[in-house]
Amino acid sequence: MKANIKRGKTPPVIDSEKYIQYYHPNLHCTIIRRKPQMPHQPQNDLYKQISLNLKALNPSPAYKSDFQIYTTLLRQKDENLRIPSWYPLFVKLMWNMQAKYPEQVDLKTITKEEIISKNLPCRSVKAAIEDGLLTPIEGWEFLDHII
């Protein structure tokens with residue numbers, strides 16, 4: 001359902017418990033949709049715990065900057081690639097690392113100190129590319145800031 005709001009008129013009042021209202025920048029309009037009704041499932045708790053733990057890692061500004069540069073270079077290499085920001089790539093890197101090293105990495109409990117002490121490949125973008133967890137692109141050798 002698309003919401004058409006005339007200028008100078010008050011926006012419609014919606015029930016915030018049933019509907020979500022947001023502005024879509026590509027469509028240049030406000031969209032109102034029903035909130036999804038998701039049943040509670042036990043695996044959702046696991047993903048929630050992992051997500052909160054990855055957020056708590058709080059990478060350094062230089063590390064974030066390296067990931068932003070890497071994301072920009074990836075977008076320039078492939079124009080059809082849709083990556084909204086650096087964070088989805090960071091999460092993908094962490095999941096790939098857990099799949100490659102299941103006995104060393106547990107995303108539920110991983111900490112920044114553990115990443116540095118175990119010398120894990122997610123400690124920098126350069127190390128992740130060298131380990132094959134991220135796609136190599138031109139200029140990746142300079143993305144070596146530590147998490």
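These legends accompany several close-up views of a predicted model.

**View 1. The β2–β3 hairpin.** Here we look at strand β2 (residues 19-24) and strand β3 (residues 29-34), which run antiparallel and are joined by six bridges. Four residues lie between the two strands of this hairpin, and H28 takes a positive phi near 55°.

View 2. K35 belongs to the loop between β3 and α1. Is this residue K35 buried or partly exposed? With a relative accessibility of 33%, K35 counts as partly exposed.

**View 3. N53 and its neighbours.** N53 is part of helix α1, which covers residues 42-56. Its relative accessibility is 15%, so N53 counts as buried. Which residues does N53 touch, leaving aside those up to four places away in sequence? They are L107, K108, T109 and I110. With K108 there is a polar detail to look for: a polar atom of the N53 side chain lies 3.3 Å from the backbone oxygen of K108.

**View 4. Helix α3 and its buried side.** Helix α3 runs over residues 86-100, and its 15 residues should span 21 Å at 1.5 Å a residue; the end C-alpha atoms are 21 Å apart, in agreement with that expectation. The buried residues of α3 are W86, L89, F90, L93, M94 and M97. They sit on the same side of α3, because they cover an arc of only 140° around the axis. On the face turned away from the buried side of α3, you will find the exposed residues K92 and A99.

**View 5. What the buried side of α3 packs against.** The partners of the buried α3 residues are α1, α2 (61-77), α4 (112-117) and α5 (125-130).

View 6. C29 has a relative accessible area of 15%, so C29 is buried. C122 also counts as buried, at 0% relative accessibility. How many disulfides does the structure hold? The count is zero.

How values were computed
Residues numbered from 1 in each chain as written. Predicted model: local features only at pLDDT ≥ 70, side-chain atom pairs only at ≥ 80, totals over all residues. Heavy atoms only, no water. Buried < 20%, exposed > 50% of the residue type's maximum accessible area, 1.4 Å probe, protein only. Polar contact = N/O pair within 3.5 Å; in protein donor to acceptor, adjacent residues only side chain to side chain. Contact = heavy atoms within 4.5 Å. Pairing = 2+ DSSP bridges. Disulfide = S-S within 2.5 Å. Expected span 1.5 Å × (residues − 1). Arc of directions from axis to C-beta.
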